[in-house]
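Please examine the sequence and the structure shown below. The briefing that follows is arranged by topic.

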Amino acid sequence: MRICILGATGLVGRETITLIARAWPGATLALFASRDQELTLDGKSYEVLGASRLEAQDAPRGDLAFVALDDEHSKRYVPRLLELGYRVIDKSNTYRTDPKVPLVAAGVNSSIIDDSVRLVANPNCTTIPLTLALSPLRREFGLSAVTVSTYQAVSGAGIAALDAFLADARDGYQALDRLGGPFKLSGYAGNVVPHNGGTDESGFSSEERKLIFESRKILAMPELGVSAQCCRVAVAVGHYENAWVTFERPVDLERAASLLSDPAQAPYVKYLPGAAGEGLSALHCVQDRDRALVGRIRPDARDRDRKTVCITVVGDNLRLGAATNAVRIATRWFKSADQDLQAP
Ligand SMILES: NC(=O)c1ccc[n+]([C@@H]2O[C@H](COP(=O)([O-])OP(=O)(O)OC[C@H]3O[C@@H](n4cnc5c(N)ncnc54)[C@H](OP(=O)(O)O)[C@@H]3O)[C@@H](O)[C@H]2O)c1
């Protein structure tokens, strides 16, 4: 089996290399990035080629491709990979809204992938953990509306932003200034900022619109009431989400907890009991990288019908929110040696 990764040197690409070794240990890897270079990862070195080589007439054909590039480069290379016979999973936003392309959160709607599918879009890193938590509850109580507020890690913006953040955080905190004076006003270090890229006339940013649109598409509920506010927090990895979820029927909290604790009902979810949210944090999710941590489920006192609950969901944006989900999608075509990566 020949697998290629485009964007292999980036944050998501690197995670994908590690996961492929777990899912398909015998696979031959072909790695691509902006230019020819060597990548050292976990003490191993890999040859990486410039992606433009795939445009050569004699570019090698293959079985499976993971594309971890920005939108512009996905648009350039995905059609070429399909032409070369690869089945493709694209991590960018490019194909998510295309009605012909399935948008898949493994464990929620992965059963829509069969042999006839050649291209799948991987959702946004906040949509995957949220839909994993909502899906089992929706089956039991019916879903009516979701209001979500996200606190997203800096690594969601890619390797250059993460490295700049780490350097700025080191320098800024070293000053021991209680008001955070040394930090840049618009920077991520020591800060919380709106995730405001692509804000349009609706007043919502592209990140917020993605979470709204993608939740509806994955859950196949085009009319679902969803609203989102997203911000970035000074955290390296791990997206944290607080949601108010309204169901069609009153929610029995014990039943909700039991559904979320059952891997057959709630795949890739780790349910944490207790309203205080012990074990539910960005750093905790990096200890359990391939699962959505879900907890703090409690009634919203404003709703006397007990149909609305507050819920917290946390997921590693590089793994569950990106590379792990993509690998799980591909296991619908190619069985995984590691059962934890096999999609239902
Ligand atoms: N980070 C996350 O949490 C996350 C989560 C979900 C989805 N995503 C999506 O996944 C994709 C990758 O994100 P990332 O965070 O891994 O980005 P990243 O760390 O910035 O990596 C970007 C990759 O793109 C490559 N690249 C840049 N210019 C290129 C060109 N002209 N031709 C070919 N390759 C080029 C880079 O190669 P060089 O090293 O050679 O520059 C690098 O491998 C994006 O679409 C992102 O939106 C990211």
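**Helix α6**

In helix α6 (residues 253-260), the buried residues are Ala-256, Ala-257, Leu-259 and Leu-260. Because these residues cover an arc of only 160 degrees around the axis, they lie on the same side of α6. The model described here is predicted.

- The buried residues of α6 pack against α3, β12 (269-272) and β13 (292-299).
- At the start of α6, Asp-252 has a side-chain oxygen that reaches to within 2.9 Å of the backbone nitrogen of Glu-254.

**The annotated active site**

- In an unreviewed entry, UniProt places the feature "active site" at Cys-125 and His-239.
- These residues are spread over 115 residues of sequence, yet they cluster in space, with a largest C-alpha distance of 7.8 Å.
- The lining of the largest pocket includes both Cys-125 and His-239.

**Cys-125**

- Cys-125 is placed in the loop between β7 (119-121) and α3 (127-141).
- Is Cys-125 buried or exposed? Its relative accessibility is 14%, and buried means under 20%, so Cys-125 counts as buried.
- When residues up to four places away in sequence are not counted, Cys-125 touches His-239, Asn-317 and Gly-321.

**His-239**

- His-239 is found in strand β11 (residues 239-247).
- With a relative accessibility of 0%, His-239 counts as buried.
- Leaving aside neighbours within four places in sequence, His-239 is in contact with several residues, among them Cys-125, Tyr-151, Ala-153, Arg-232 and Asn-317.
- A polar atom of the His-239 side chain lies 2.9 Å from the backbone nitrogen of Ala-153.

**Aromatic pairs**

- How many aromatic pairs does the count come to? The count comes to four aromatic pairs.
- One of them is formed by Tyr-151 and Tyr-240, which are edge-to-face, at 5.9 Å centre to centre and with 80 degrees between the planes.
- This pair links distant parts of the chain, 89 residues apart: Tyr-151 is in strand β8 (residues 143-152) and Tyr-240 is in strand β11.
- Tyr-151 counts as partly exposed, at 28% relative accessibility.
- The ring centres of Tyr-173 and Phe-183 are 4.9 Å apart and their planes are at 70 degrees, so this pair is edge-to-face.
- Tyr-173 lies in helix α4 (residues 159-174) and Phe-183 in the loop between α4 and β9 (192-194), so the pair ties together parts that are 10 residues apart in sequence.
- Phe-183 counts as buried, at 13% relative accessibility.

How values were computed: Residues numbered from 1 in each chain as written. Heavy atoms only, no water. UniProt positions renumbered as here; feature names shortened; annotations may be inferred. 1 Å grid on protein atoms, 1.4 Å probe; cavity = no way out; pocket = protein on both sides within 12 Å on 5 of 7 lines; lining within 4 Å. Helix = DSSP H or I, 4+ residues; strand = E, 2+ residues; numbered from the N terminus. Buried < 20%, exposed > 50% of the residue type's maximum accessible area, 1.4 Å probe, protein only. Contact = heavy atoms within 4.5 Å. Polar contact = N/O pair within 3.5 Å; in protein donor to acceptor, adjacent residues only side chain to side chain. Arc of directions from axis to C-beta. Phe/Tyr/Trp six-rings, centres within 6.5 Å; stacked < 30°, edge-to-face > 60°.
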